[in-house]
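Biologist: I am new to this structure and would like to learn how to read it step by step. Could you take me through it slowly, giving the general idea before each case?

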Amino acid sequence: MKQIAIISGKGGTGKTTITAAFASLAENAVLADCDVDAADLHLILQPDIKSTMEFKGLKLAKKDQEKCISCGKCLEHCRFHAIDSQFNIKETGCEGCGVCEYVCPTNAIELMDRISGHAYLSETRFGPMAHAALKTAEEASGMLVSLVRNNARQLAKQHSRELIIIDGPPGIGCPVIAAIAGVDLVLVVSEPTVSGVHDAERVIGVARHFQIPAMLLVNKFDLNLEMTEKLEKFCLENEVSLAGRLPYDNVTTEAMIASKTVIEHSDGAFSQTLREIWNRVLENI
Ligand code: SF4
Ligand code: SF4
């Protein structure tokens, strides 16, 4: 089984548009939306949810008021400012570190499971899909990404699928590391802007750190040819293969409004270029 992760140093580079297009080009794949903080692949693929599971992320401290003697030790030691002046625990601030439970002299505090989100197993018109939603203000998205990836692997086994296509989170933090760990290839989708170049360099650095082969796709390359060339030069100097360039094209917005992938929506030049890029990516896996 092979796995490819589509990532970007920052959000809004067209990563999900590319992932959805690949979903419609792949013939034997499972899809995994690992952008759990801001999942949007489902808007295009419209999955039919077959199974839902609770995700228990960070623990949550709960206080038994009857046992509390208002000594203030929990407030004194909580580094996350999650305890108010009345020694009540603020649910949204608690990181579940357990320090308050440890220091409380009367065992008034206990760490409990908290439901931080849900993971889903679904069917789409392109095959099985694993995805998830994190509740508002919840953390531990790296753990949820790992759960989605495990679910995707299970789906691939159940359905005898040979490829997992992962829509990764933006950035270079823990969720990205969870999304790319152990994959066969990362495709970095970048835009030719100053921040785009900077973010692409950082995320390629993360892939390199984990010794994962990387390819670069420059989206909207025609907005700044100089920056595009700078990006591609950086890649060539750092053994990152070039997957190709995509121009700015309204067809991506039109497809999204129609809840379709670009490939479904149009067979024009943009889609043809995407097909060539997909074939290049497949050759590198
Ligand atoms: S578990 Fe940690 S973060 Fe939560 S209230 Fe206790 S000390 Fe603060
Ligand atoms: S440490 Fe325990 S007893 Fe002291 S204020 Fe906090 S909850 Fe109450």
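Biologist: What does the chain contain, and how many of its residues count as buried?

Modeller: Please keep in mind that this is a predicted model. The chain has eleven helices and eleven strands, and its C-alpha atoms fill a box of roughly 70 × 40 × 35 Å along the principal axes. Of its 285 residues, 46% count as buried. Among contacts between residues at least 6 apart in sequence, 76% join residues at least 24 apart.

Biologist: Which domains does the assignment give, and what separates their centres?

Modeller: The domain assignment gives domain 1 as residues 2-55 together with 123-284, and domain 2 as residues 60-113. Taken over C-alpha atoms, the centres of domain 1 and domain 2 are 41 Å apart.

Biologist: Which residues come nearest to the two ligands?

Modeller: Around ligand 1 there are 13 residues, of which Ala 61, Cys 78, Cys 94, Cys 97 and Cys 100 come nearest, and by class this shell has ten nonpolar, two polar and one charged residues. Ligand 2 is surrounded by 15 residues, the closest being Cys 68, Cys 71, Cys 74, Phe 87 and Cys 104; that shell divides into ten nonpolar, three polar and two charged residues.

Biologist: How should I read a helix, and which residues of α8 are buried?

Modeller: The general idea is that an α-helix has 3.6 residues a turn, so residues three or four places apart point the same way. In α8, the buried residues are Thr 228, Leu 231 and Cys 235. Seen down the axis of α8, these buried residues fall within an arc of 65 degrees, and therefore they line one face of the helix. The face turned away from the buried side carries the exposed residues Glu 226, Lys 233, Leu 236 and Glu 237.

Biologist: What do the buried residues of α8 pack against, and what span should the helix have?

Modeller: The buried residues of α8 pack against β9 (185-190), α7 (194-209), β10 (214-219) and β11 (241-246). Just after α8, Glu 239 takes a positive phi of about 60 degrees.

Biologist: Which residues of α7 are buried, and which are exposed?

Modeller: In α7, the buried residues are Gly 196, Asp 199, Ala 200, Val 203, Ile 204, Val 206 and Ala 207. They cover an arc of only 150 degrees around the axis, so they lie on the same side of α7. On the other side of α7, Val 194 and His 209 are exposed. The buried residues of α7 pack against β1 (2-8), α6 (174-180), β9, β10 and α8. With 16 residues, α7 reaches 23 Å from its first C-alpha to its last, close to the 22 Å expected at 1.5 Å a residue.

Biologist: Where is Ile 172 found, and why does it count as partly exposed?

Modeller: Ile 172 is found in the loop between β8 (163-170) and α6. A residue counts as buried only if 20 or more other C-beta atoms lie within 10 Å of its own; Ile 172 has 19, so it is partly exposed. Leaving aside residues up to four places away in sequence, Ile 172 touches Gly 9, Arg 202, Val 203 and Val 206. The C-alpha atoms of Ile 172 and Lys 10 are separated by 8.5 Å, although these residues are 162 apart along the chain.

Key:
Residues are numbered from 1 along each chain as its sequence is written. Chains are lettered from A and ligands numbered from 1 in the order in which they are written. This is a predicted model: local features need pLDDT of at least 70, side-chain atom pairs count only at pLDDT 80 or more; totals for chains, interfaces and linings use all residues. A residue is near a molecule or strand if its C-beta atom, placed from the backbone, lies within 6 Å of it. Ala, Val, Leu, Ile, Met, Phe, Trp, Tyr, Cys and Pro count as nonpolar, Asp, Glu, Lys and Arg as charged, and the others, Gly among them, as polar. Domain bounds come from an automatic or database domain assignment. A residue is buried if 20 or more other C-beta atoms lie within 10 Å of its own, exposed if 12 or fewer, and partly exposed in between; C-beta atoms are placed from the backbone. Helices (H or I, at least four residues) and strands (E, at least two) are DSSP runs, numbered from the N terminus. The arc is that of the directions from the helix axis to the C-beta atoms. Two residues are in contact if their C-beta atoms, placed from the backbone, lie within 7 Å. The expected span of a helix is 1.5 Å times one less than its number of residues.
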